[in-house]
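Please prepare a short briefing on the fold and the ligand site of this protein.

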Amino acid sequence: SLMDQLFGMHQTEKRLSEYFGIDRCLIASGDGDRQPKVIAEFGQLLNESLDLLLPDGENTIAVMGGTTMAKVAEELGNLETGKRHNLFVPARGGIGEAVNVQANSVGSVMAMRTNGNYRSLFVPEQLSTNTYEFLLKEPAILDVLNLISQANCVIHSIGRALHMAARRKMSEKEILMLKQKNAVAESFGYFFNEAGEVVYKIPRIGLQLKDLQNVPIIFAIAGGKSKAKAINAYMKNAPKQTWLITDEACANEILKGA
Ligand code: G3H
């Protein structure tokens with residue numbers, strides 16, 4: 001029955017959050033690899049959770065990019081109230097994604113759907129160190145970097161290391177190095193091995209992994225059986241306050257090896 005199914009899912013959510021030692025897991029039924037509606041459900045789960053967790057006052061929400069984040073953004077609904085206002089910012093500078101799945105785009109869609117505001121961070125990818133340093137002194141850029149450093153909520157996805165490296169057109173040399181270091185997961189432009197240790201980092205301005213520890217509200221959103229290994233690796237060392245939103249296929253695959 002539906003009640004049994006719901007109960008079973010709650011048990012799995014509990015087991016998975018205990019396994020990772022995190023505050024909460026939310027699981028959508030199905031397999032995101034095969035059913036696009038699963039990713040849409042991630043968006044609804046995120047919307048309900050944000051509504052629950054975001055305090056009154058001014059919230060600054062830093063978001064990452066990727067296809068999951070882009071689809072999730074489309075599902076959000078109003079999160080503004082008379083007392084609560086939300087500002088979306090990209091968590092980091094560009095890390096080689098197509099425009100429509102860049103953090104800047106995700107932030108603007110989330111702001112539009114939730115009736116919030118957004119700020120973009122325009123830092124071109126290919127810059128000499130000199131130009132980069134000049135750009136970092138620009139007031140408009142500093143402004144957004146300041147906002148990012150004050151974020152009280154971060155929303156991000158998790159990807160498979162080599163898949164992400166290829167999609168972001170990293171060099172042969174870098175890809176070989178990732179293989180040698182047994183990188184299996186990627187998030188925030190950081191690469192992780194199976195133990196959840198950082199083995200490589202794409203240098204970018206904005207939110208750094210260590211900053212995440214001090215962010216009170218964090219959502220990691222990723223699913224599909226094919227991502228089980230990556231999610232398992234990243235979540236091993238994820239901040240305890242992280243809420244993981246994933247799917248049934250992925251959760252079962254992770255718990256099979258637990
Ligand atoms: O860092 C992880 C990636 O943003 C995940 O990308 O949602 O397209 O798999 P994806």
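Predicted model: local features only at pLDDT ≥ 70, side-chain atom pairs only at ≥ 80, totals over all residues.

Residues are numbered from 1 along each chain as its sequence is written, and side-chain values use heavy atoms, with hydrogens and water left out.

**Parallel sheet**

- An open sheet is formed by 7 strands with parallel pairing, in the order β1-β11-β10-β5-β2-β3-β4. Helices (H or I, at least four residues) and strands (E, at least two) are DSSP runs, numbered from the N terminus, and two strands pair if DSSP finds at least two bridges between them.
- The edges are β1 and β4 (117-118); each has a single partner strand, so one side of each lacks a neighbour in the sheet.
- Strand β11 (residues 242-247) pairs in the parallel sense with β1 (residues 24-28) over 5 bridges, and Cys 25 has Leu 244 as its bridge partner in β11.
- Strand β10 (residues 217-221) also pairs with β11 in the parallel sense, over 4 bridges; here the partner of Phe 219 is Trp 243.
- Strand β5 (residues 153-156) runs parallel to β10 and is joined to it by 4 bridges, with Ile 155 opposite Phe 219.

**Cover of the parallel sheet**

- In β11, 6 of 6 residues are buried, where buried means under 20% relative accessible area, exposed over 50%, and partly exposed in between (1.4 Å probe, protein chains only).
- In a regular strand the side chains alternate between the two faces of the sheet. In β11, Thr 242, Leu 244 and Thr 246 point one way, Trp 243, Ile 245 and Asp 247 point the other way, and all are buried.
- Helix α1 (residues 2-20) lies across β1 and β11, at about 140° to β1. Contact means heavy atoms within 4.5 Å; axes are lines fitted to C-alpha atoms, for helices over the stretch in contact, and angles run from 0 to 180 degrees between N-to-C directions.
- Helix α4 (residues 103-114) lies across β2, β3 (84-90), β4 and β5, and runs at about 165° to β3.

**Antiparallel sheet**

- A further open sheet has 4 strands in the order β6-β7-β8-β9, with antiparallel pairing. Its edge strands, β6 (159-160) and β9 (198-201), each pair on one side only.
- Strands β7 (residues 185-187) and β8 (residues 190-192) run antiparallel and are joined by 3 bridges; Tyr 190 in β8 is the bridge partner of Ser 187.
- Helix α9 (residues 228-236) packs on this sheet and touches β6, β7 and β8, its direction making about 60° with that of β7.

**Ligand surroundings**

- There are 13 residues around the ligand, of which Thr 67, Thr 68, Arg 167, Glu 186 and Lys 227 come nearest; a residue counts as near if one of its heavy atoms lies within 4 Å.
- The ligand taken alone exposes 300 Å², and the protein buries 94% of that; accessible areas come from the Shrake-Rupley method with a 1.4 Å probe.

**Individual residues**

- Thr 60 lies in strand β2 (residues 57-63) and is buried at a relative accessible area of 10%. Leaving out residues up to four places away in sequence, Thr 60 touches Leu 87, Val 89, Leu 147, Gln 150, Ala 151, Asn 152 and Cys 153.
- Pro 55 sits in the loop between α2 (36-53) and β2 and is partly exposed, at 37% relative accessibility. Residues up to four places away aside, Pro 55 touches Arg 84, Asn 152 and Ile 217.
- Lys 169 is not a glycine, yet has a positive phi of about 55°. Lys 169 belongs to the loop between α7 (161-167) and α8 (172-180) and is exposed, with a relative accessible area of 73%.
- Asn 182, in the loop between α8 and β7, has a positive phi near 55° and is exposed, with a relative accessible area of 53%.
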